[in-house]
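Reader: I would like to go through this structure with you, term by term. Please set each value against its definition before you conclude.

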Amino acid sequence: DATIIISTHACGSLTDKVLEYAMDVESASVAVMPCCYTGTDSGVPYGVRRMLGVGLSADVRRSFILQDRGYLVDFAAVPRAITPMNRIVVAERRK
């Protein structure tokens, strides 16, 4: 059975918890639309945060974690007119 995890606007570290759960259950794929990035860029070098901003820095950090756990990671987006927090982190587990 394939498990797919989807999360929209999981505030702050809740996105990290959703991703951790998806990796723990070896979900076939996961898509998260993070929001409220305060404190989620821990471990990202200062210069990266300064150039990319907190949100993108946090999502890049998340993509490395997913990749290290065997997922192919990409980014997508919904139209900004729908929500300004429109980036989606999409990951598919490699077999």
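Reader: What makes you say that helix α1 lies across strands, and which strands are they?

Author: This is a predicted model, in which local features need pLDDT of at least 70 and side-chain atom pairs count only at pLDDT 80 or more, while totals for chains, interfaces and linings use all residues. Residues are numbered from 1 along each chain as its sequence is written, and side-chain values use heavy atoms, with hydrogens and water left out. Helix α1 (residues 14-24) lies across β1, β2 and β3, where contact means heavy atoms within 4.5 Å, and runs at about 170 degrees to β1, on a scale from 0 to 180 degrees between N-to-C directions of axes fitted to C-alpha atoms, for helices over the stretch in contact. Helices here are DSSP runs of H or I with at least four residues, and strands are runs of E with at least two. Helix α2 (residues 46-68) also packs on the sheet, touching β2, β3 and β4.

Reader: How do you know that β2 and β4 pair?

Author: Pairing requires that DSSP finds at least two bridges between two strands; β2 (residues 29-35) and β4 (residues 87-93) have four, in the antiparallel sense, so they count as paired.

Reader: Why is C11 called partly exposed?

Author: Its relative accessible area is 43%, and the term covers values between buried (under 20%) and exposed (over 50%), with a 1.4 Å probe and protein chains only. C36, at 42%, is likewise partly exposed.
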